[in-house]
Amino acid sequence: MTETIDALAGLVAGGGVVVLSGAGLSTESGIPDYRGPSGAARRHTPMTYQVFTRDAQARRRYWARSHLGWRVIARAAPNDGHRAVARLQRGGLVDGVITQNVDGLHTAAGSPRVVELHGRLDEVVCLGCGNQTSREELDRRLREANPGFDARVAAVNPDGDVDLADDEVARFRTVDCTFCGTGVLKPDVVFFGETVPAPRVARCFDMVQRARLLLVLGSSLTVMSGRRFVLRAAKLGIPVVIVNQGPTRGDGYAALTLDAPLGRLLPALADRTVGVPAAGDGGVAPTGLTAVR
């Protein structure tokens with residue numbers, strides 16, 4: 001066990017690390033993932049861009065569910081894993097973060113130089129005029145348009161919505177863009193079936209190509225959106241390390257893989273490479289870590 005953590009620390013201690021993070025890093029903040037141990041996506045079909053833009057009833061269903069789910073997402077706080085990544089950045093070992101998550105928790109933990117590959121749930125864009133507003137402002141408007149709409153939330157899905165009965169969806173009122181008056185509002189995130197903006201992808205590739213090490217945290221790498229950066233690193237001969245609970249589609253390209261709870265492993269890694277934090281900064285002893293390679 002100690003030898004495994006030492007091997008990881010030895011790789012990271014050289015600096016020049018770029019982190020690629022996925023949903024598994026945020027599960028300890030109460031946000032479920034799609035394919036990891038929380039397994040929410042096995043029962044939940046996420047909204048696609050094509051359905052959202054073409055079907056007004058589907059949009060109503062999405063916003064009704066998301067309106068309730070947002071209350072849980074908005075309360076989520078960075079966990080020890082997020083804070084440890086920020087410590088590694090402050091210590092000069094991690095140059096930047098590419099995250100597939102839309103929860104904004106890396107930034108909330110104090111990480112600079114974060115590229116949010118799939119956007120952020122706390123921002124809203126008009127598909128008609130392109131005007132951007134905050135989710136907080138939209139939440140206020142939706143509350144005003146739907147007084148008393150307060151169905152019980154049993155669980156939040158990975159993309160920030162909840163399951164609701166059809167009769168509850170039917171009484172929900174959506175709102176349009178206040179800037180142009182008629183535009184359809186969409187969370188400023190990349191839905192399934194939507195393309196990540198090319199300049200954002202190019203920036204991520206540039207980060208990977210400049211890296212000495214690519215460290216994947218909490219991603220199954222099932223979809224190409226994130227896996228392509230592992231493939232690029234491997235093609236360039238840049239070592240890849242993967243820490244995830246369960247196998248990933250990138251394991252065959254990794255110099256080291258660990259099956260580990262990130263909220264325990266990452267603080268231990270930061271302790272070994274940049275020093276033990278001050279009291280209350282989230283450092284904990286590693287437990288439950290399993291070496292895979």
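Modeller: Gladly, and let's start with pairing: two strands pair if DSSP finds at least two bridges between them. Helices (H or I, at least four residues) and strands (E, at least two) are DSSP runs, numbered from the N terminus. This is a predicted model, in which local features need pLDDT of at least 70 and side-chain atom pairs count only at pLDDT 80 or more, while totals for chains, interfaces and linings use all residues. Residues are numbered from 1 along each chain as its sequence is written, and side-chain values use heavy atoms, with hydrogens and water left out.

Colleague: What makes S4 and S5 a pair?

Modeller: Strand S4 (residues 119–126) joins S5 over three bridges, in the antiparallel sense. At least two bridges are required, so the two strands pair. Within this region, Glu123 stands opposite Ser134 in S5.

Colleague: Why are S5 and S6 placed at the edges?

Modeller: The open sheet has three strands in the order S5-S4-S6, with antiparallel pairing. Strand S5 (132–134) and strand S6 (185–189) each have a single partner strand, so one side of each lacks a neighbour in the sheet. On average, neighbouring strands here are turned by 40° against each other, direction ignored.

Colleague: Why is Val208 called buried?

Modeller: Buried means under 20% relative accessible area, exposed over 50%, and partly exposed in between (1.4 Å probe, protein chains only). Val208 has 1%, so the label is buried. Val208 belongs to helix H8 (residues 198–210). Contact means heavy atoms within 4.5 Å, and Val208 touches residues including Ile98, Leu214 and Phe229, leaving aside those up to four places away in sequence. Arg232 is also among the residues touched; its C-alpha atom is 7.6 Å from that of Val208, although they are 24 residues apart along the chain.

Colleague: How do you know that Asp80 and Arg83 form a salt bridge?

Modeller: A salt bridge is a side-chain nitrogen of Lys or Arg within 4 Å of a carboxyl oxygen of Asp or Glu. For Asp80 and Arg83 the N to O distance is 2.6 Å, so the pair qualifies. Both lie in helix H4 (residues 80–90), three residues apart, about one turn of the helix. Asp80, at 21%, is partly exposed, and Arg83, at 28%, is too. The structure holds 10 salt bridges.

Colleague: Is Lys186 buried or exposed, and what does its side chain meet?

Modeller: Lys186 is buried at 2%, and its side chain meets that of Glu194 in a salt bridge of 3.3 Å, N to O. Glu194 is partly exposed, at 25%.

Colleague: How do you know that Arg59 has no salt bridge?

Modeller: Lys and Arg count as positive and Asp and Glu as negative; His and the chain ends are not counted. For Arg59, which is buried, the nearest side chain of opposite charge is Asp55, 6.8 Å away. The limit is 4 Å, so no salt bridge is assigned to Arg59. Arg59 sits in helix H3 (residues 56–75), and a polar atom of the Arg59 side chain lies 3.2 Å from the backbone oxygen of Thr53.

Technical notes
Polar contact = N/O pair within 3.5 Å; in protein donor to acceptor, adjacent residues only side chain to side chain. Axes fitted to C-alpha atoms, helices over the stretch in contact; angles between N-to-C directions.
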